There are 4 protein chains.
Amino acid sequence: MTTSHPDRAAARTKTIMQATLALAQEVGYAKLSIEAVAARAGVGKHTIYRRWPSKGLLFLDSLLSLNEPVFDYPDTGDIVADLRRQICTVVDLLANPPWGPLYQALVGEAQHDPAVAAGLNERFIRPQTDKTIVRLRAAQEQGQVSSDMDLDLVMATLSGPLYFRLLITQEPLTHNYVDRVLEALFAGMSPRL
Amino acid sequence: MTTSHPDRAAARTKTIMQATLALAQEVGYAKLSIEAVAARAGVGKHTIYRRWPSKGLLFLDSLLSLNEPVFDYPDTGDIVADLRRQICTVVDLLANPPWGPLYQALVGEAQHDPAVAAGLNERFIRPQTDKTIVRLRAAQEQGQVSSDMDLDLVMATLSGPLYFRLLITQEPLTHNYVDRVLEALFAGMSPRL
Amino acid sequence: MTTSHPDRAAARTKTIMQATLALAQEVGYAKLSIEAVAARAGVGKHTIYRRWPSKGLLFLDSLLSLNEPVFDYPDTGDIVADLRRQICTVVDLLANPPWGPLYQALVGEAQHDPAVAAGLNERFIRPQTDKTIVRLRAAQEQGQVSSDMDLDLVMATLSGPLYFRLLITQEPLTHNYVDRVLEALFAGMSPRL
Amino acid sequence: MTTSHPDRAAARTKTIMQATLALAQEVGYAKLSIEAVAARAGVGKHTIYRRWPSKGLLFLDSLLSLNEPVFDYPDTGDIVADLRRQICTVVDLLANPPWGPLYQALVGEAQHDPAVAAGLNERFIRPQTDKTIVRLRAAQEQGQVSSDMDLDLVMATLSGPLYFRLLITQEPLTHNYVDRVLEALFAGMSPRL
DNA sequence: GGGTAAGCGAGACGGTACGTCCTGTCTTTGC
DNA sequence: GCAAAGACAGGACGTACCGTCTCGCTTACCC
């Protein structure tokens, strides 16, 4: 066991993560310092280092601790509508203020720190992918999605254009954009017969 | 005129960018410091600050200075083959050692520094997109690509899945993956009629 | 009663003091930490703080616990010989390895911590002085020492040059040096008549 | 050359030493921290570490920088009177507030740090000793001091009792005490003939 | 062809944060 | 029922870079 009094320890952990998010909102991830988090949380630096080995992982944990139960898929029988609804929900949360910039920073940090990349994948991307695949498989069985599609690849083609916009061109992610991506992906690029 | 002796200045600029790349290869972008670059290049820190306002932009310039003339599109008349060839070339360069990790770091930095994001877009992404669009427009006119497709969106659906793999799941980008993406995008997700 | 099981407590106290001395020998007093003593002694820090209020006093206790019964004065009837023998014994113990450096450190600590200074005086210097004075008084009565001498002052003039060497010039304290000091003090600085 | 602008650098050095002394007066040497000195002096910590390798040597330099030209010997022809005058001057300065406690702390630190001990000897004790010996040699030639006395030893017997009082018994050092020491040393401990 | 200005290396500087160590207090758990 | 184990807030350590700032040297340009 790590801690003598789990409740106390858990409370402190939460305090630190809240301070982290608050400060990140105020100054941005780049200027976030463990020193400042400790001060804000009223905590010794060691208490942070005891829990997290790096600023990146602290930040990852803090963001994931929000953990709004957003991510359960609807199943109305219409795969395009369900995908649209799900994607819009996630996009609203992760690609717009207040969390958008922080999620962006998190992905940025994952490019510098393999541990953050691994955590991000295991704890956010992979579960999200799994749920999407479950829904897509049902759609395949219902004949709404081409049966020879690798569903991991489908996840990538769905998510990719959104991340491209979020991370590369950094234009705003609108519901309209989601619609157009879905439409294009279902239609395919080949000319209509 | 910027410099009393343009040749000297240009040479120094190049030296600095080479030192930047060399050091970045050795220690990674995250641990790169302007102090170390200056020392490695045998140059005063001021000489760097006079040329670049931040580590990120120095790094952007350094990477782009490689500027291998890779990016001109072939036009064999077969859009899928041409896209494949082009994308594979870029992927081989930017998503594999030795430059892959550094390009990844550059995109990561763009998430923290708007100036880097802007530079990356204007100087690398946008030109690349423009060339792609030219080639796609030709394909549209030849009836190889659906005529009602927004070509900017096509660029995003082509690039997105690759960036998703590079930045998010961080799995290796293979030619096979490029093939599968192209195939899926041209076929579309809807079931075969 | 202080402790439920006095023997146990006394044993623990001894263990701690031994660990203190062992560590002090290894790393020196300056780098000694209560944390390390606790770890070495296999004891909680609290157990140390319960017994000693400061590192200095712990160290003082530890050193005095050696308490070799060195310090009883001989009385052969020859005051100079007796002083010489006594001083040499003390010097051999306190001004040479292994205890010399630690005694030096203890006196050093007394300069920073009044409690250590007080303890050192009461528990080591004063008793030593008292015994010396007893012997000197006998010598005075026998006519071997000038009768109008303040014996506390004599103690200071005997000890002072030795401490000066130990603490200030930090040269080695030899029996020969002891001889010369005694000779000089008994002869006085005035020229021979 | 160490510094581009010697005057600036010297001024900063002085500022730091003054801040050191001021803080040492306020909180004592034991609680003095380089961090606090830097803050008080309005200086980066590095600027201190660039000049001094340890708190002890900074403190040594700071104290010696007072360097009041106190220490030149009078020569009235009467060695006892001259010694008395000289010793009283030094005692007034070094064994009483405001510098007494700090000089005491310096000697204390010398017990923990050999570099401080060496510096103290070379830069303060040795010069002082040399001047004393010059005066004593003159006295020897005039027949006021026994001619077979080792003058280094005389210095130790003069200084020792004073340091014993300052460092060990930590009683106040008065002019009267100086008188009694001088008298005892010149008279010798042997009984009057 | 000599004076002046600019670029430059070198590195000092005030700061900020790092990650570590230790202090002295407090809490829990296990023997 | 005490003590080991160690969490904790706090403070200082010594280091690394940041971005700014002189310094003196070396060109090269213009008169």
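Predicted model: local features only at pLDDT ≥ 70, side-chain atom pairs only at ≥ 80, totals over all residues.
User: What about chain C and chain D, how many residues does the contact take?
Analyst: The contact takes 47 residues from chain C and 47 from chain D. About 4,100 Å² is buried between the two chains, 67% of it on carbon and sulfur atoms; buried area is the accessible area (1.4 Å probe) lost on putting two parts together, summed over both. On the chain C side, C:Gln111, C:Ile168 and C:Met189 lose the most area to chain D, together 20% of what that side buries.

User: How many salt bridges are there between chain C and chain D?
Analyst: The count is two, a salt bridge being a side-chain nitrogen of Lys or Arg within 4 Å of a carboxyl oxygen of Asp or Glu. One of them pairs C:Arg180 with D:Asp150, with the closest N and O atoms 2.4 Å apart.

User: Changing topic, how many disulfides over all chains?
Analyst: The count is zero, taking a disulfide as a pair of cysteine sulfur atoms within 2.5 Å.

User: Is C:Cys88 buried or exposed?
Analyst: C:Cys88 counts as buried because its relative accessibility is 5%; buried means under 20% relative accessible area, exposed over 50%, and partly exposed in between (1.4 Å probe, protein chains only).

User: And the conventions?
Analyst: Residues are numbered from 1 along each chain as its sequence is written, and chains are lettered from A in the order in which they are written. Local features need pLDDT of at least 70, side-chain atom pairs count only at pLDDT 80 or more, and totals for chains, interfaces and linings use all residues, while side-chain values use heavy atoms, without hydrogens and water.

Methods:
Contact = heavy atoms within 4.5 Å.
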